[in-house]
Amino acid sequence: MTEPAIPHIRHRYAEVGGLRIFYREAGPVDAPVLLLLHGFPSASHQFRRLLDALGTRFRLIAPDYPGFGHSDSPAPADFRYRFDGLADVLEGFCRQLGLDRFAMYVFDFGAPVGLRLATRHPEWITGLVVQNGNAYEEGLSDLARAFIANRPGVAGAPERVRELLTLEVTRGQYEGGTTDPQAVAPDGWTLDQHFLDLPGRKDIQVELALDYHANLDLYPAWQEWLRTAQPPTLIVWGRGDAFFTEAGARAYLRDVPGAELHLFDTGHFALEENLPEIAPLIADFLDRTQK
């Protein structure tokens, strides 16, 4: 009888700039590395099934950003919650773990965090898996543009952001745009909301939301890096995403013509419904490009 290949998952902390950063890790230490960067309002637990699917063949590392999941969450008075700040912590995290050659999985907030890292350290990046991680103006839906319009100094902006931090909205991010909502486990949105409801966490999310507009100013720099570096790129995208449209997925092909594009009839959290289809694509991509 063939034994099933099931990885051991390790749950660890790294000390970065005085913060304890939680991360999940699976796979052989000498295997190609895929750094998994989560989105809003989630954390590394969103990759739990992908770790099981690929963790015997590749070294998968999934950190929680400050203010998310199990990582330290200092008050905004004690930590500057900006996307630059999250990228600073991620850069320190990579140095702490000795990660200097790896592919990145960038999803949602993981795109602006990861692409900042790529432009700071292009020599570190060996490939990209892009899953509903936007870097183009045409990828922004009207809903996304309304979210981004919430900026510091705009009347009512903090209150409008807080209206999005509810169980109903969190659940909608998981089930919206899916073909079969029954394929989406309730654990993801339930755990996300648990963390959002912890003391001080909503204040953190308001700070980050009001900074999201700063990412758009960096789109040209990220696109220039893509054109110059031509990283091996796999794009897997839920075309029913209410925030990031199919046009944003196709826009990557303008700068990286050799990128592989796969569209799925699902929503924002594409792995929730389509992991059986997406995981083999990632495995094949890593086998071919990460030597």
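Predicted model: local features only at pLDDT ≥ 70, side-chain atom pairs only at ≥ 80, totals over all residues.

What does the accessible surface of the protein come to, and what percentage of it belongs to carbon and sulfur atoms? I get about 11,900 Å² in total, with 52% from carbon and sulfur.

**Overall fold.** I looked up the secondary structure and found 11 helices and 8 strands. Along the principal axes, the C-alpha trace spans about 60 × 40 × 40 Å. I then checked the radius of gyration, which is 18 Å; a compact globule of 291 residues would have one near 19 Å, so the two agree. As for burial, 55% of the 291 residues count as buried. I also went through the contacts between residues at least 6 apart in sequence, and 76% of these join residues at least 24 apart.

**D100.** Next I went to the loop between α2 (83-97) and β5 (102-106), where D100 sits. Setting aside neighbours within four places in sequence, I find D100 in contact with E123 and W124. I also took the C-alpha separation from D100 to H121: 8.7 Å, for a pair 21 residues apart along the chain.

**Strand β5.** From D100 I moved on to β5, the strand at the end of that loop. How many residues of β5 are buried? I count 5 of the 5, so the strand is largely enclosed by the rest of the structure. I checked which way they point: F102, M104 and V106 go one way, A103 and Y105 the other, and all are buried.

**Strand partners.** Which strands does β5 pair with? One is β3 (residues 33-37), parallel to β5 over 4 bridges. In that pairing I see L36 opposite Y105. Another is β6 (residues 125-130), also parallel, joined to β5 by 5 bridges. Here A103 has G127 as its bridge partner. I followed the chain from β5 to β6: it passes through helix α3 (residues 110-120), and this β-α-β crossover is right-handed.

Key
Residues numbered from 1 in each chain as written. Heavy atoms only, no water. Helix = DSSP H or I, 4+ residues; strand = E, 2+ residues; numbered from the N terminus. Contact = heavy atoms within 4.5 Å. Buried < 20%, exposed > 50% of the residue type's maximum accessible area, 1.4 Å probe, protein only. Pairing = 2+ DSSP bridges. Right-handed = clockwise from strand over helix to strand, strands pointing away. Rg over C-alpha atoms; globule rule 2.2 N^0.38 Å. Areas by Shrake-Rupley, 256 points an atom, 1.4 Å probe, with all protein chains shown as cover.
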